[in-house]
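I opened my notebook for this one and wrote things down as I looked them up. Here is the structure I was working from.

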Amino acid sequence: WTDGSGPGSISPMLRPVLIFLALALGPLLPAAELTVASFNIRMASRGDLGTRSWNARRGLVVETIRKMNPDLFGVQEALPKQMAYLAEKLPDYQWFGVGRDDGKDKGEYSALFIRTKRLERDPGEGGTFWLSDTPEKAGSRSWGNQVTRICTWARLTDRKTGKAFYFYNTHWDHQNQPSREKAGRLMARHIEGRKHKGEPVVVTGDFNATETNPGVAYLLGRKVELAGGKTPEQWKSPLRATFLELHPGVRDRNTFNRWQGFIPGSRMIDHVLVSSGWKIRKAWIEYHMKEKMVPSDHWPVAAVIKLADPASEEPLTTKPRGGQR
């Protein structure tokens with residue numbers, strides 16, 4: 001196997017053979033998949049006692065993230081001290097985001113975490129906008145919601161493939177329906193306005209709304225009436241709900257667990273959404289707990305995706321993964 005010129009040297013006679021094998025087998029190698037997740041970790045509240053307290057469950061939060069093993073994920077409700085803990089315990093990730101109250105470090109973050117060995121963030125494209133009539137004004141709210149709401153976004157490049165895409169992470173209002181509807185419209189417009197329009201999109205978040213809610217339904221391309229509009233509206237560049245696309249028959253898909261563990265019902269309000277540029281390989285709800293302790297009052301959701309390859313269509317994986325029941 002060697003020509004004797006040095007340790008590990010390959011014979012010149014074998015080199016053409018190896019090159020041929022590499023070219024022949026290259027297309028058979030698995031495509032570069034990405035695991036993406038969304039996790040409302042529940043803010044560190046003084047009113048949460050016992051196993052609900054942040055100090056009690058924070059290790060379980062990190063354990064749950066590690067179990068999903070995402071290449072990128074979005075968090076919601078993360079206060080500064082929670083962000084500091086996650087950054088310390090997840091050193092292989094880089095995070096990006098701001099506090100929603102002042103655009104710096106006050107209030108909850110809807111931050112992005114990316115695995116640095118796999119992904120690189122474009123420093124020239126990314127930021128946070130407020131879900132209001134003045135999205136560039138930090139701390140703004142104007143749609144009737146009493147709580148400030150935001151969306152954090154970035155353009156990322158996959159180091160494995162060299163391909164870039166956009167990642168958005170958001171947290172919609174939990175009380176005001178017009179706010180949710182206007183948030184859907186605003187996010188769609190922001191996505192449409194991205195600099196590299198041909199690059200695919202990933203959206204994660206706690207939408208406080210199921211897929212039938214007009215705000216989410218609009219993002220999914222359905223014709224709906226939205227607050228502030230005069231006629232039904234339909235977005236021409238719709239996203240797809242990863243879990244619902246692979247598991248349309250799963251009825252028990254609650255993601256707001258009310259600290260009770262698994263509870264039946266179809267109120268899935270946490271989502272991983274993707275544009276048409278992706279093939280969805282797997283999608284699941286991560287039911288990870290320790291005895292009776294749950295990591296948060298929300299279950300995280302995750303999906304495995306890859307860039308669609310028109311030349312080779314592969315069957316989708318329909319079997320639920322991990323904790324999905």
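Predicted model: local features only at pLDDT ≥ 70, side-chain atom pairs only at ≥ 80, totals over all residues.

My entries follow, going from the whole protein down to single residues.

**Entry 1: the whole thing**

I looked up the secondary structure and got six helices and twelve strands. The protein has 325 residues, and 53% of them are buried. Then I checked contacts between residues with a separation of 6 or more: 70% of them join residues 24 or more positions apart.

**Entry 2: the cores**

I wanted to know which residues have the most contacts inside the largest nonpolar core. They are Leu72, Leu131, Phe165, Tyr168 and Val203, in a core of 58 residues. Helix H4, residues 177-192, gives the most to this core, with five residues. Apart from it there is another core, this one of 23 residues, including Ile65, Val75, Phe113 and Val304.

Leaving out residues up to four places away in sequence, I listed what Leu72 touches: among them Leu34, Val36, Phe113, Ile114, Leu156, Phe165 and Phe167.

**Entry 3: helix H2**

How far apart are the end C-alpha atoms of H2? I got 20 Å. H2 runs over residues 54-68, so at 1.5 Å a residue its 15 residues should span 21 Å, and the two values agree.

Next I listed the buried residues of H2: Trp54, Arg57, Leu60, Val61, Val62, Thr64, Ile65 and Met68. Looking at the spacing in that list, I wrote down the helix rule: there are 3.6 residues a turn, so residues three or four places apart point the same way. What covers these buried residues includes strands S1 (33-40), S2 (72-76), S11 (278-285) and S12 (301-307), plus helix H3 (80-89). After H2 comes asparagine 69, with a positive phi near 55°.

**Entry 4: helix H4**

The buried residues in H4 include Arg180, Glu181, Gly184, Leu186, Met187 and Ile191. Their cover includes S5, strand S6 (150-158), strand S7 (164-171), strand S8 (201-206) and helix H5 (214-219).

Is asparagine 213 buried or exposed? It counts as buried, because its relative accessibility is 11% and the cut-off for buried is under 20%. Asparagine 213 touches Gln177 and Arg180, residues up to four places away in sequence not counted. From asparagine 213 to glutamate 181 is 32 residues in sequence, but 8.2 Å in space, C-alpha to C-alpha.

**Entry 5: two positive phi values in loops**

Arginine 42 isn't a glycine, yet its phi is positive, near 65°. I found arginine 42 in the loop between S1 and H2. It is buried, with a relative accessible area of 18%.

Glutamate 291 isn't a glycine either, and its phi is positive at about 55°. Glutamate 291 sits in the loop between S11 and S12. It counts as exposed, because its relative accessibility is 76% and exposed means over 50%.

**Entry 6: a proline in a strand**

I came across proline 123 in strand S5, residues 119-130. At 74% relative accessibility, proline 123 counts as exposed. I also checked proline 123 against alanine 154: they are 31 residues apart along the chain, and their C-alpha atoms are separated by 8.3 Å.

**Entry 7: cavities**

How many cavities of 30 Å³ or more are there? I counted two. The largest cavity holds about 60 Å³ of space. Its lining includes Phe243, Leu244, Met268, His271, Trp284 and Val301. Helix H6 (242-246), strand S10 (270-274), S11 and S12 are the elements that give two or more residues to that lining.

Definitions and conventions
Residues numbered from 1 in each chain as written. Heavy atoms only, no water. Core = buried A, V, L, I, M, F, W, Y, C linked by side-chain atoms within 4.5 Å. Buried < 20%, exposed > 50% of the residue type's maximum accessible area, 1.4 Å probe, protein only. Helix = DSSP H or I, 4+ residues; strand = E, 2+ residues; numbered from the N terminus. Contact = heavy atoms within 4.5 Å. Expected span 1.5 Å × (residues − 1). 1 Å grid on protein atoms, 1.4 Å probe; cavity = no way out; pocket = protein on both sides within 12 Å on 5 of 7 lines; lining within 4 Å. Points joined across faces, edges and corners; volume = space filled by probe spheres on them.
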